[in-house]
Amino acid sequence: MSDNYADDDLYAFDSGESIGWIDFFISSEEEVLRFNFLDVDIAFEFYQQYAKHHGSSARRSRSEKRGKVKIQQEFVCHRQGYRSPKFYSMPNQQKKPRAETRCGCPARMLLRMDDESGRWHVAYFSDAHNHHVLEL
């Protein structure tokens, strides 16, 4: 995983406190691809802060395991995906359905664990939203 610059301490985050040093407004997509994290929770804290500074919100999505060990985790925009079709045709609904919030937003960050170092590296990052984000 030498293309992720794992040896560069500037891009290694070992605690939530170190995330506070990042200037989220100048972080480019290429720069984010160089980041690596001690664990998934620190990476999720980073992605939440990044999304917040860019007028959005984030949530955890799919993960992949090898045995009982998680080896991949995806974080997505809170508007990623679509509501299940079954909710549109439910008979005998007691209440008015909630407003539709999902629009299939493609913004996401994919993490993979490096077997050798045990650190989580950003494998894919996209900040392209297909909806309006808050102006900050």
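Analyst: Two strands pair if DSSP finds at least two bridges between them. The strands themselves are DSSP runs of type E with at least two residues, helices are runs of type H or I with at least four, and both are numbered from the N terminus. What you see here is a predicted model, in which local features need pLDDT of at least 70 and side-chain atom pairs count only at pLDDT 80 or more, while totals for chains, interfaces and linings use all residues. Residues are numbered from 1 along each chain as its sequence is written, and side-chain values use heavy atoms, with hydrogens and water left out.

User: How do you know that strands S4 and S5 are partners?

Analyst: Count the bridges: five join strand S4 (residues 69-77) to strand S5 (residues 108-113). Pairing asks for at least two, so S4 and S5 qualify. The two strands run antiparallel. You can find Phe-75 opposite Met-109 in S5, and Glu-74 opposite Leu-110 in S5.

User: Which other strands pair in the antiparallel sense?

Analyst: S5 and strand S6 (residues 120-126) do, over six bridges, with Leu-111 opposite Val-122 in S6. S3 and S4 do too, over seven bridges, and there Arg-60 stands opposite Phe-75 in S4.

User: What makes S1 and S2 a pair, and which way do they run?

Analyst: Two bridges join S1 to strand S2 (residues 36-37), and these strands run parallel. The rule asks for at least two bridges, so S1 and S2 meet it. Ala-12 is the residue opposite Asn-36 in S2.

User: In what order do the strands lie in the sheet?

Analyst: The order is S1-S2-S6-S5-S4-S3, in an open sheet of six strands with mixed pairing.

User: Why are S1 and S3 said to stand at the edges?

Analyst: Strand S1 (12-13) and S3 each have a single partner strand, so one side of each has no neighbour in the sheet.

User: Where do the hairpins turn?

Analyst: Between S3 and S4 there are two residues, and Gly-67 in that turn has a positive phi of about 70°. The hairpin of S5 and S6 has six residues between the strands, and Gly-118 takes a positive phi near 75°.

User: Why is Ser-56 called buried?

Analyst: Its relative accessible area is 15%. Buried means under 20%, exposed over 50% and partly exposed in between (1.4 Å probe, protein chains only), so Ser-56 falls in the buried class. Ser-56 is in the loop between helix H3 (40-53) and strand S3 (58-66). Contact means heavy atoms within 4.5 Å, and, not counting residues up to four places away in sequence, Ser-56 touches Ala-51, Cys-77, His-78, His-129 and Val-133.

User: What puts Lys-70 and Gln-48 in their accessibility class?

Analyst: Lys-70, in strand S4, has a relative accessible area of 27%. Gln-48, in helix H3, has 36%. Both values lie between the two cut-offs, so Lys-70 and Gln-48 are partly exposed. Leaving aside neighbours within four places in sequence, Lys-70 is in contact with Ser-63, Glu-64, Lys-65, Met-113 and Trp-120. Lys-70 and Met-113 are 43 residues apart in sequence, yet 8.0 Å apart in space, C-alpha to C-alpha. For Gln-48 and Phe-75, 27 residues apart in sequence, the C-alpha distance is 9.0 Å.

User: How do you know that S4 is mostly covered?

Analyst: Seven of the nine residues in S4 are buried. In the protein chain, buried residues make up 33% of the 136 residues.
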